[in-house]
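Please walk through this structure strand by strand, then by helix, domain and chain.

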2 protein chains.
Amino acid sequence: MRSAISPLFLSSIFASWALLRAADGGPQSLAGFATESTKAQLAVEQRFDAQLRADDQKEWMEQMASAPNHVGSPHDKVNAEFLLAKYKEWGWDARVEEFEVLYPTPKKTVVELVAPQKFAAKLQEPAVAGDRTSTQVADELPPYHAFAADGDVTAELVYVNQGMPDDYKELAQNGIDVKGRIVIVRYGGGWRGLKPKFAYEHGAVGCIIYSDPRDDGYGAGDAYPKGAFRPADGVQRGSVLDMPVYPGDPLTPDVGATKEAKRLAIKDARTILKIPVLPISHADALPLLAALDGEVVPEKWRGALPITYHFGPGPAKVHLSVQSEWTLKTARDVIAVMKGSEHPDEWVLRGNHFDGWVFGASDPLSGQVALMAEAKAIGALARDGWRPKRTLVYCSWDAEEPGLLGSTEWAEAHAAELQQKAVLYLNSDGNERGFLHASGSHALQTLVNQAADSVIDPQTKATVLKRQRAKLIVGATASDTSEEMKRIGKLVAAGGTPPLGALGAGSDYTAFIDHLGIASLNIGFGGEGDTGGVYHSAYDSFDHFTRFGDPGFAYGVALSQTAGRVMLRMANADVLPHMTDSFHETVAQYATELHKLADTMRENTEQMHRVLDEKLHALAADPTKTSRPPEREAAVPVLNFAPLDNALLRLKKSTRTFDDAMTTAQKTGLKFDAAKRTGINATLRALEQTLLDPAGLPGRDWFRHMIYAPGLKTGYGAKTLPGIREAIEDRRWQDAEKFSVAVANALGRYCDALDNAGAALKSRN
Amino acid sequence: MRSAISPLFLSSIFASWALLRAADGGPQSLAGFATESTKAQLAVEQRFDAQLRADDQKEWMEQMASAPNHVGSPHDKVNAEFLLAKYKEWGWDARVEEFEVLYPTPKKTVVELVAPQKFAAKLQEPAVAGDRTSTQVADELPPYHAFAADGDVTAELVYVNQGMPDDYKELAQNGIDVKGRIVIVRYGGGWRGLKPKFAYEHGAVGCIIYSDPRDDGYGAGDAYPKGAFRPADGVQRGSVLDMPVYPGDPLTPDVGATKEAKRLAIKDARTILKIPVLPISHADALPLLAALDGEVVPEKWRGALPITYHFGPGPAKVHLSVQSEWTLKTARDVIAVMKGSEHPDEWVLRGNHFDGWVFGASDPLSGQVALMAEAKAIGALARDGWRPKRTLVYCSWDAEEPGLLGSTEWAEAHAAELQQKAVLYLNSDGNERGFLHASGSHALQTLVNQAADSVIDPQTKATVLKRQRAKLIVGATASDTSEEMKRIGKLVAAGGTPPLGALGAGSDYTAFIDHLGIASLNIGFGGEGDTGGVYHSAYDSFDHFTRFGDPGFAYGVALSQTAGRVMLRMANADVLPHMTDSFHETVAQYATELHKLADTMRENTEQMHRVLDEKLHALAADPTKTSRPPEREAAVPVLNFAPLDNALLRLKKSTRTFDDAMTTAQKTGLKFDAAKRTGINATLRALEQTLLDPAGLPGRDWFRHMIYAPGLKTGYGAKTLPGIREAIEDRRWQDAEKFSVAVANALGRYCDALDNAGAALKSRN
């Protein structure tokens, strides 16, 4: 599903640029490879590249995007069978694994304005000139939100902006309560599923989410079909499953949703929404918003519709009705395996989903066809006798869109084996023209950057890494750039390499990293294609993608090259290519942010208390308007971060010692006996798992990673050091200190493992 | 004219809050007054307040705003005569002083789209339901820009956002040239007159300025008559005279435009625009902007019209024609004098203009009627036998709107006498519901704050000062507040009093402070009225003002009270109430900003040079779009600010010594003999003039003040330490260092005067 517009989710840190190259400009030695093996590896990659054809990707996308392919649709099944046949044709050991997942589909959807005048929302995306598949309206599901509650409500309407916590604070200060009312919410500012959840928590009985033209319609660029952006009737579908609690089938948390699995009753599933919610277009939203009165909303709440935006409540009154068919549907994951010649029990996994909301050309097929091209190329190498040293597992996931169902159920079903064998899960999703963005386990930053340094950007003929670096430096010179981007720009300009972002929960890596502690990466190109405007709509079509996404599939090939290198290097490395200084630098930066967060909150709270104590708020407010003082929040004590800070002191030492040992060992050829190598690799394979805490995060023990998690109140977006950070944000001081200890313990286990591996690397034999 | 929305133009600094009050909460001693005289003064102010009637102001406004009152209109003359009669009725020695000023009025105005389809702009503001004067369309001048050139041009259209220097940089990077084209510009971001000036400098042959609904139309609030904001056909008129070069009659710089004055030929007047320009409504702008194509503009360029904003150029082609009658018109300043009983040759001046663009209810009559109420109240005191110690001069200015003509010509005509006698010029302009904002000579900050501390806010019943303080503290807690507002909020919260802003050139104080070096202040209430949306339009009417500006004229009375206190205290003070620490703090803050400005520019330039040297720009740009690298700008050397910094060291010492002497003298009753007191007051009266440099600022020697000036590239907005600041911004390094010396010399003269006055205060007799 990935977020509509993929910024470079950058976090922090830096391997030295110089580390990537030898003095002559060529790669010195690939991380994890001795000089000899580097040469062999580069030769394999050349042969791999030679197999990649842009036209393959184009042909597969046209075929797979030719009909609606949501979970349970006839064409979704056709695509699974197509994938299975292709993997087999290319020489892989492929199978379909089926799961029976709860996936409600709409039977009836209604949005009507009933006062002060009548208006019935269209709730359909009509055919658009020049977009061939857009005529298949009858075969599509109507626009809806998966896992909305059934309901039929009529109530006054309130506009709540993006429906995030700060918006409800603003409403409260304006004396507006959403209790018993229906809220209309603008897309953006946080994950979709949180909007109806927060609305419910504030007492709303229904929720309507619309796409404001300011964000992805004519306000952002010319509307489709003239340009790429969302037309007046375009709707963003999507899941509202409460994935930050746990993703996957809501009836089978922690276990695979096999036919036999024990299931919760629907009413007991915590992740299913409690109120009805529907997505609508801006053409349907306009009469609703125009019928609101009350005070004018603050400037940042205003969109690009030609009206004055008001809070309401009323006089607009709305009838909202949603009825779904709550049955189990079959999700078909297509799994293809190529057994490793030397380490068959070390698995390198690659995944991308293939189910879409409608035709799903950009999301997810643009990524799926790049993955297929890799599988085809590897198959060709295998036909010529080549074999990976470790086992490759290619996964085409079904049922990602409703809530990461396909990948999560598979990961849960194979949890023990995965924790035993997996060395990497590499994910992609939508892909388009532009710059490489990469997020994930920070000890793999050097691996990613070395791959990016050996792929040529199809437009500029510079390496992908160079282009990424240029973008970061130039971006930092913009007058309106953030402090964070300035910091990164300066570091990159000073010789650092682009940092990996932190993983949130926008795609299929979630179960692997957050639940199982498997080192994971998510990569893709973007920033120059314009598919964001048709995100999750029927206009995300082959015709749209080939005009605006990646017309010649050159970036599809670039993704295959980049992902292929990561996969093949991980498969063939003499020693698993972890370079851990990046991890230390990143976590240290997160800790710095937490110190700052607590200090800033303390200062702001003190100021707010002064305002309340001296009743300054009433003096500063316009007495002709309703204005309630902000709620009094607890003062922020000085928190004990000493366990965290001390753990970082050790981490700095352990990571440097390990990286030095790795570098030295590489220079001398990584010549260990098999048992020793196996030992070192076993330690590194399990490294990420040291960061799991079996108790998990508060209220969501499915999420066990102590460094990264999706934000409970932000959704897709990552929260780093989430146990501490969310505790501070929620003013749970005891939890903040408790998780400072939990993170310290996790880092301690990480250091123990590193120290072992480092010692092994040093002791020659 | 004042800028449409008057933020608190805050600069910096702080007298102690405690200094204003005695321990019991009452005023300890008014600045410049001994304890005895304080009591007498407060008694006079009570009698003054008792004379103020909101209904007077309402009645006068209704009368004066009943017909169009632009310069040269019949009703403008009627208003001058009405004012003269009133001043006389109230016992003032009043007269009209006439000046013959160049004031072009439109004979023909045309804006037409001629391709790709035809559209003729309406260029009129039709009657609006419930707004009684809006029916007088026939008596109004059509919307136009005073001092636009005559011209008739047809050319391709280009959208240039707000038409400021950064916008032209953006156009250049997009490969777009305005040469030979007509530009369409959005209001905002800088003074209106700069927009056609910069367009001309970039080769445009015509300019159209429109009001985007995002800024003051339906995007900002409900349109008139439902709400206060600019309706679809509303137009913002205004002057485009190049006032930052010199304001006033363009034909008589430096001298009064009396009948006999020697005049320049129109072609030789530097301040008259060289190309035609017209203002239009957003209803007229929509078809023009919708007909543009080319790349989509950057996000911050986009307005609230329901279109995708494009740069052009073309295919829109526009015909623009302006023809004016270039004749002299009579400006009638009404001057009323009440001679001082003790120091008749020390003048305290008060001014507000009375000419409007159409009916001018908010701008300027809301301020004018407050001034009239003061004159009436003072007249009543005089009838009862009271007399000010110094001479009061009340000035109702004509011809402010076209370019500060009335006040500037009068100040130039009386320059020598004013520099000899004036102790203060206190200005106001439009006024509405809200918070006090005050700008001006920083040594008078205590005077202003003490006045604000003794006036009760009509809505909250707190003092005006307390409310202002609350606003600053609460405003600083907003998440999106600026660093500067945060700094001020913290200082005020810590006990400082609200700082005065710096004066730019938005109203009639300009000649007094910038040209003659007379201590000046500009005050008014605002921030809660909603007259900004009808700024300079026919809908700035009595009906609008009494719904949205200041319905009960309570803030008109508050302005009379505040201004009356400043005037009466300045008139009766034993010693002129300069407290100079505020001045030092302010200038020191300006100097800190300059250091930072140079450092930031140096760093940014270095980054930009790296981008250019390594050709990173091309790598970061989308190759499918035109994208030129930014121009290479000169590196920023380390500048010698030592003269300025050393002058500040002395200023700190001199101001503290003087303020201490003043405080001590006040405690002991300010008992000097007459000659000594006269000597001290003479020094303080001339204090501001020490800050003038006769050589003036580069390219505009009319502006002689070394601390404050309107920005040559920002217009209304103040540039502080302008000789240095604008030199840095323009990369004129020699000028920056030259003016560092000039400012240091000015501050040296200021210190000399202060040291003299301080020594005199200390030597008892």
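A155(A) stands opposite V318(A) in β10(A). Strand β10 (residues 317–325) of chain A runs antiparallel to strand β5 (residues 151–159) of chain A, and six bridges join the two. Strands here are DSSP runs of E with at least two residues, and helices are runs of H or I with at least four, both numbered from the N terminus; two strands pair if DSSP finds at least two bridges between them. β5(A) also pairs with strand β6 (residues 182–186) of chain A, in the parallel sense and over three bridges. In that pairing Y159(A) stands opposite I184(A) in β6(A).

The model is predicted, so local features need pLDDT of at least 70 and side-chain atom pairs count only at pLDDT 80 or more, whereas totals for chains, interfaces and linings use all residues. Residues are numbered from 1 along each chain as its sequence is written, and chains are lettered from A and ligands numbered from 1 in the order in which they are written.

Helix α7 (residues 282–290) of chain A has the buried residues H282(A), D284(A), A285(A), L288(A) and L289(A). Buried means that 20 or more other C-beta atoms, placed from the backbone, lie within 10 Å of the residue's own. Down the axis of α7(A), these residues fall within an arc of 145°, so they line one face of the helix. The arc is taken over the directions from the helix axis to the C-beta atoms.

The domain assignment, which is automatic or from a database, divides chain A into domain 1 (18–101 + 330–572), domain 2 (105–326) and domain 3 (581–762). Over C-alpha atoms, the centres of domain 2 and domain 3 of chain A are 34 Å apart. In contact across this boundary are 17 residues of domain 2 and 14 residues of domain 3 of chain A, contact being C-beta atoms, placed from the backbone, within 7 Å. On the domain 2 side, helix α4 (residues 165–173) of chain A gives the most, with four residues.

Chain A superposes on chain B by a rotation of 180° with 0.0 Å of shift along its axis (RMSD 0.1 Å). That is the relation of a two-fold axis. The contact takes 34 residues from chain A and 34 residues from chain B. On the chain A side, α12 (464–476), α17 (581–613) and α18 (616–620) of chain A give two or more residues each, and α12(A) gives the most, with six. Of the interface residues of chain A, 100% are also interface residues in chain B, so the copies meet through the same surface.

Notes:
Contact = placed C-beta atoms within 7 Å. Least-squares fit on C-alpha atoms with pLDDT ≥ 70 in both. Buried ≥ 20, exposed ≤ 12 C-beta atoms within 10 Å, placed from the backbone.
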